[in-house]
Structure formats: C-alpha cells, structure tokens
Amino acid sequence: MTEVADALAQQVWDLVFAYDAAYDRAAQVAGLSAAQACLLEHLVGDSRPMGELASELQCDASNVTQLVSRMETRGLVARTPDPDDRRIKLVSITPAGRDVRRVVRGAFEFPSERLALLTDQEQRLLSGLLGKMLGATS
C-alpha cells in the first residue's frame, strides 16, 4: 500500500469506530445495547424467522435467542411459532418496539452531523465514491 492508501485505510477505520460508538450511545439513550437496536432495525414489515435474523446480523442463533428474550421481556418484540413449521420461531416488532426504534434513530445524529460538514458537491462526490467502494464488495 502507498502512504496515501495507508492513511485512507486508517481514516476508514476511524470512521467505522466513531460510527459504532455513536450508534452505541444512541442505543443507550433508549436503554438498549447496540445489538438490540440493530435487531430492531431488521424488524421491518412482517415477522422474521430467528435464523434469518442471525444470518443477517452475522451472529450465532443463540445470540439472537438471548437478544429476543431480553427484548420480549420489555415488550419490544413478540415471538411466535411459524404456522407452516412450528420448529421455526418468528419475531416481530411491537408498537413499543417501534417507539424505541424511533428514539434510537432520533438519538443517532452521527451521519447527519458529519454529512452536514460537507457541501452538496462534496456529498455527491462522497456518495459516488462510497457507492463504487461498496459495489466492489457485493
């Protein structure tokens, strides 16, 4: 790697760490862990199988079970058997969970704060570059 590429790689890491820390603080505002807040973000629309959530969150199914159990106790999610295969548990967000998700989103100002530092032209340029970088990993 070149010196510029090394510096840029470090900046990407710094951005990721700052983003994660800000997301963690936003989740804490709502009394959640970052993992719980992330799970709520994946519960849009219909009920979701727990195994599918584990795959999307890139964690073990037992982790999702623990997250769901804690959140179910707080009334943020509901767990029901799949009517087609009772071995599968479906998770859905409750109205209280939607309220908490809104709190987290409202407290997570990091992206908008940082993007506000850029001009419209810089935002368009960054969007194109990030799209190119992310497209390379898909």
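Me: Taking a salt bridge to be a side-chain nitrogen of Lys or Arg within 4 Å of a carboxyl oxygen of Asp or Glu, which residues of this predicted model are linked in a network of salt bridges?
Reply: The model is predicted, and six salt bridges are counted in it. One of them joins Glu 56 to Arg 48, with the closest N and O atoms 2.2 Å apart. The network that contains this pair has Glu 52 as a further member, and its residues are Arg 48, Glu 52 and Glu 56.

Me: Is Arg 48 buried or exposed?
Reply: Glu 56, the salt-bridge partner of Arg 48, is partly exposed at a relative accessible area of 36%. The limit for a buried residue is under 20% relative accessible area. Because Arg 48 has a relative accessibility of 12%, Arg 48 counts as buried.

Me: How many residues apart are Asp 99 and Arg 102, which both lie in helix 5?
Reply: Asp 99 and Arg 102 form a salt bridge whose closest N and O atoms are 2.4 Å apart. Asp 99 is partly exposed at 41%, whereas Arg 102 is exposed at 52% relative accessibility. Their spacing is about one turn of helix 5, and the separation is three residues.

Me: Which side chain meets that of Glu 72 in a salt bridge?
Reply: Glu 72 is partly exposed, with a relative accessible area of 29%. The N to O distance in its salt bridge is 2.7 Å. The partner is partly exposed at 24% relative accessibility, and that partner is Arg 79.

Me: Which residues touch the most other members of the largest nonpolar core?
Reply: In soluble globular proteins, nonpolar side chains tend to be buried together. The largest nonpolar core here has 26 residues, and those touching the most other members are Leu 32, Leu 39, Leu 40, Leu 43, Val 64 and Val 77.

Me: Which helix supplies the largest share of the nonpolar patch on the surface?
Reply: The patch includes Leu 8, Val 12, Trp 13, Leu 126 and Leu 130, and its members together have about 930 Å² of accessible area. Helix 1 (3-29) and helix 7 (120-135) each supply at least two of its residues. The largest share amounts to five residues, and these come from helix 1.

Me: What is the relative accessible area of Val 16?
Reply: Val 16 belongs to the nonpolar surface patch and lies in helix 1. Patch members need over 30% relative accessible area. Leu 126, a patch residue in helix 7, is partly exposed at 31%. Val 16 is likewise partly exposed, and its value is 36%.

Key: Residues are numbered from 1 along each chain as its sequence is written. This is a predicted model: local features need pLDDT of at least 70, side-chain atom pairs count only at pLDDT 80 or more; totals for chains, interfaces and linings use all residues. Side-chain values use heavy atoms; hydrogens and water are left out. Patches are made of residues with over 30% relative accessible area and no salt bridge: like charges are joined within 9 Å, nonpolar side chains (Val, Leu, Ile, Met, Phe, Trp, Tyr) within 5 Å. Accessible areas come from the Shrake-Rupley method with a 1.4 Å probe; for residues, only the protein chains shown count as cover. Helices (H or I, at least four residues) and strands (E, at least two) are DSSP runs, numbered from the N terminus. Buried means under 20% relative accessible area, exposed over 50%, partly exposed in between (1.4 Å probe, protein chains only). A nonpolar core is a set of buried Ala, Val, Leu, Ile, Met, Phe, Trp, Tyr and Cys residues joined through side-chain atoms within 4.5 Å.
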